[in-house]
Amino acid sequence: MIFLREGSGLTGRRCITLVKIFVVSLKSALERRNHIQQQFDTIGVPFRFFDAVDGRVDQHPVFEQYDEKKGLRRKGYSLTAGELGCFTSHYSLWQKCVELNEPIVVIEDDAELEPGFKEAVKEIEALSPFGYVRLFVNGRYRPYKIIDRFGKYDIVQYLRGPSAARAYFLTPGSAKKFLHSAREFCLPVDDHMDQFWVHDVPCRGLMPGIVKNETGFDSSIGEVNKKKKSNKFTREISSLVSAFSRKLYVFKNPPDRTRSILNLLWAWIGTTDPSRKFRAEIDLMYWGRRRSRLIRKWFQRRIFYKYNCDISHQSRIHPTVIFPHPSGVIIGSKAVVNEGCRVYQQVTIGSNFSRANEMATVGKNTCISAGAKLIGGVSIGENSVIGANAVVTKDVKPGGVIVGANLDLSGRSVAPEN
């Protein structure tokens with residue numbers, strides 16, 4: 001994807017980045033804007049300013065979603081006008097993420113970029129399976145579990161929210177959950193995002209961070225006199241309820257790999273729906289691929305004999321891919337099926353017998369209809385539709401609707417011959 005930041009030293013030059021970067025900043029914060037712009041210009045990474053809402057002077061419909069009475073019961077004080085504006089600014093960026101239907105990076109204008117930021121951001125779309133990932137480490141320690149790796153960085157999952165919202169990676173799915181949970185809010189935006197047991201968005205982060213949490217700028221949202229808190233009894237009750245809910249959520253959704261098998265087994269045993277059970281068996285096969293050859297082979301053979309499907313354990317099928325009618329599906333070892341796709345019965349994704357054994361990469365939110373065949377190392381663009389019994393041996397542009405043998409609905413070839 002080509003993305004140009006307007007109004008910078010990079011304008012007029014093509015800059016390639018996979019994910020749009022938004023720096024949230026007040027229009028009047030000229031010093032902060034110059035500071036962050038110089039950092040991005042130095043490393044040659046494009047970005048775009050997102051005008052923040054100033055709660056001290058602006059009015060916004062999101063303000064009406066703030067429940068002050070509930071906030072007083074839970075925190076003992078009301079949000080400042082600056083905190084309301086900060087919440088609304090991030091809320092608007094969540095809406096932007098959903099509107100674009102693609103991941104984004106959100107950075108506050110007082111951030112300091114670490115030396116490894118440029119290299120990490122080039123591959124940051126690889127974090128999409130994790131939904132929401134903090135790109136900085138707060139000075140306040142919170143317990144965490146290491147769940148994966150991203151280049152030279154650990155991906156951790158926090159067992160308790162560490163506060164602050166300096167910089168984060170966000171996918172549309174997680175943004176929708178944040179928006180849904182914020183239909184009524186009573187906490188500052190960072191505290192709200194930390195409540196993973198409320199909105200079901202696990203709090204994950206990179207360690208070490210690619211953005212510093214420390215800043216040389218004073219806060220622009222205002223300070224609260226916490227010595228004058230009210231409602232001590234309701235605050236204590238609220239704190240106990242939150243702690244119990246948080247621990248219960250972590251128990252039901254353990255982040256450590258050794259216990260995740262329990263969730264997968266429950267997903268498999270706890271449903272009679274063939275589509276969901278098939279999906280659970282694929283996930284269990286993948287789990288066995290990394291940890292137990294016996295489990296991997298057992299589920300791979302079960303999939304073959306029960307559903308007449310041949311799914312390679314070396315394939316890469318995103319957890320959100322669904323199989324509405326799991327029967328006769330063949331997916332080869334080098335096939336990649338990305339987020340949000342639907343794969344119907346009798347679909348084949350295989351090689352063209354070349355020495356490289358190349359196979360298709362299917363873009364996000366693509367529908368592959370019954371009987372379709374994807375042959376060789378073709379690239380299927382996002383939001384495409386592959387018609388029933390279509391044969392695809394050439395690349396498909398994003399949003400393509402393919403029928404027959406490499407033909408779009410108007411009868412033209414989807415790609416020129418090499």
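1. Start with L409. This residue is exposed, with a relative accessible area of 65%. Exposed here means over 50% relative accessible area, so L409 qualifies at 65%. Keep in mind that the model is predicted. As for its place in the chain, L409 sits in the segment after β24, the strand of residues 407-408.

2. Together with V385, V401, V403 and L407, L409 makes a nonpolar surface patch. The patch covers about 370 Å². Find these five names in the structure above and colour them.

3. Now the chain overall. It has 418 residues, and buried residues make up 50% of them. DSSP runs give 11 helices and 24 strands. The accessible surface comes to about 21,100 Å². Carbon and sulfur atoms hold 52% of that surface.

4. What share of the contacts with a separation of 6 or more joins residues 24 or more positions apart? The share is 58%.

5. Turn to helix α1, residues 30-43. This helix has 14 residues. From its first C-alpha to its last, α1 reaches 20 Å, close to the 20 Å expected at 1.5 Å a residue. After the helix comes G44, with a positive phi near 70 degrees.

6. Which residues of α1 are buried? They are R32, R33, I36, Q37, Q39 and F40. Seen down the axis of α1, these buried residues fall within an arc of 155 degrees, so they line one face of the helix. On the other side of α1, the exposed residues are L30, E31, Q38 and T42.

7. What covers the buried residues of α1? The cover includes strands β1 (20-25), β2 (48-51), β3 (104-108) and β4 (112-113). Helix α4 (117-122) is also part of the cover. To check this, show α1 with those elements and look at the side chains of I36 and F40, which are among the buried residues.

8. Last, H90. This residue lies in helix α3, residues 81-100. Is H90 buried or exposed? Buried means under 20% relative accessible area. H90 has 1% relative accessibility, so it counts as buried.

9. Which residues touch H90, leaving aside its neighbours within four places in sequence? H90 is in contact with V106, E108, A165, Y168 and V189. Two of these names link back to point 7: V106 and E108 fall in the range of β3 (104-108), part of the cover of α1.

10. L409 is exposed at 65%, whereas H90 is buried at 1%.

Notes
Residues are numbered from 1 along each chain as its sequence is written. This is a predicted model: local features need pLDDT of at least 70, side-chain atom pairs count only at pLDDT 80 or more; totals for chains, interfaces and linings use all residues. Side-chain values use heavy atoms; hydrogens and water are left out. Patches are made of residues with over 30% relative accessible area and no salt bridge: like charges are joined within 9 Å, nonpolar side chains (Val, Leu, Ile, Met, Phe, Trp, Tyr) within 5 Å. Accessible areas come from the Shrake-Rupley method with a 1.4 Å probe; for residues, only the protein chains shown count as cover. A salt bridge is a side-chain nitrogen of Lys or Arg within 4 Å of a carboxyl oxygen of Asp or Glu. Helices (H or I, at least four residues) and strands (E, at least two) are DSSP runs, numbered from the N terminus. Buried means under 20% relative accessible area, exposed over 50%, partly exposed in between (1.4 Å probe, protein chains only). The expected span of a helix is 1.5 Å times one less than its number of residues. The arc is that of the directions from the helix axis to the C-beta atoms. Contact means heavy atoms within 4.5 Å.
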